[in-house]
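Morning, everyone. Please have a look at the structure on the screen, and I'll walk you through it.

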Amino acid sequence: MRLKKSKKKIFVASIMIVLMMCSIAYIFFRNSEVEALSKYGSRGNEVTQIQTKLKRWGYYNGNIDGIYGSQTQEAVRYFQRKNGLTVDGIAGPKTLAAMGITSSSSSSSSSSSNSSNVNLLARLIYGEARGEPYTGQVAVGAVVMNRVKSSSFPNTISGVIYQSGAFDAVSDGQINLTPDATAKKAAQDAINGWDPSYGAIYYFNPSTATNKWIWSRPMTVTIGRHRFCK
């Protein structure tokens, strides 16, 4: 009887040790994941990239010193709030992607990166131009691509799309809608180089636009309800 009780105690102790080791492993890997993100107190090249982009877009007014201090944290919060992201002041994967920054902890292949760009551009097209002629949807995507190439705008698709005040679909949350097959095809065509906008970097709806400045831009073409211009 005593032998059976002893075996039972050993079995219970073994289970407890296994559970304890699993808990320690979980905490370790969770902390490793968190540490891979840029947050308050972080230093390095990724923080410098964050500060540079946020300063260029008007979210950050501090020094570009590679130190994730309170000013950088608040700038990240501001960017997150304006672009429909979780407002936690931490530059995690989604926030970095919105800024067009590849995390130092990420090893994504170029194919997955391209897929991500297609999906993001398709969401923008769907939010901005669903219901427009197919050519007009491609033209909206082409405007994004033309901005990427221009020195006056961010040099990534995500950077252009999430630039403060750039697109209504981002401001009103339609960027989060699931794009249809047409929007995805239009995004791929735009990324592949088709530009029915003829080099436009702006577009607007003449029936609703009230901004005098946008009316002054040289028109390239009108497709559907959108007027494209430089």
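Along the sequence, the pattern reads α-α-α-α-α-α-α-α-α-β-α-β-β. That comes to 10 helices and three strands. Helices here are DSSP runs of H or I with at least four residues, strands are runs of E with at least two, and both are numbered from the N terminus.

A word on the source. This is a predicted model, where local features need pLDDT of at least 70, side-chain atom pairs count only at pLDDT 80 or more, and totals for chains, interfaces and linings use all residues. Residues are numbered from 1 along each chain as its sequence is written, and side-chain values use heavy atoms, with hydrogens and water left out.

Now the whole protein. It has 230 residues, and 41% of them count as buried. Buried means under 20% relative accessible area, exposed means over 50%, and partly exposed is in between, with a 1.4 Å probe and protein chains only. The accessible surface is about 13300 Å², and 54% of that belongs to carbon and sulfur atoms. Those areas come from the Shrake-Rupley method with a 1.4 Å probe; for residues, only the protein chains shown count as cover. Next, contacts, meaning heavy atoms within 4.5 Å. Take those between residues at least 6 apart in sequence: 57% join residues at least 24 apart.

On to helix pairs. Start with H2, residues 45-56, and H3, residues 70-82. Their axes come within 11 Å and cross at roughly 60 degrees. So H2 is oblique to H3. Axes are lines fitted to C-alpha atoms, for helices over the stretch in contact, and angles run from 0 to 180 degrees between N-to-C directions. Under 35 degrees counts as roughly parallel, over 145 as roughly antiparallel, 65 to 115 as roughly perpendicular, and the rest as oblique. The crossing of H2 with H3 is left-handed. That means the near helix is turned anticlockwise from the far one by less than a right angle; clockwise would be right-handed.

Which residues meet? Ile-50, Gln-51 and Leu-54 in H2 meet Thr-72, Ala-75, Val-76 and Phe-79 in H3. Five residues of this contact are nonpolar, two are polar and none is charged. For those classes, Ala, Val, Leu, Ile, Met, Phe, Trp, Tyr, Cys and Pro are nonpolar; Asp, Glu, Lys and Arg are charged; the others, Gly among them, are polar.

H6 passes H9 in a right-handed crossing. Among the residues that meet are Tyr-134, Gly-141 and Met-145 in H6, and Lys-185 and Asp-189 in H9. The contact divides into eight nonpolar, three polar and two charged residues.

Stay in H6 for Ala-142. Buried or exposed? Ala-142 is buried, because its relative accessibility is 1%. It touches Ala-190, Trp-194, Asp-195, Pro-196 and Ser-197, leaving out residues up to four places away in sequence. Ala-142 and Gly-199 are 57 residues apart in sequence, but 7.8 Å apart C-alpha to C-alpha.

Tyr-198 sits in the loop between H9 and strand S1. Its phi is near 60 degrees, a positive value in a residue other than glycine. Tyr-198 is exposed, at 57% relative accessible area.

Last stop: Ile-175, in the loop between H8 and H9. Ile-175 is buried at 2% relative accessibility. Its C-alpha is 5.4 Å from that of Leu-124, 51 residues away in sequence.
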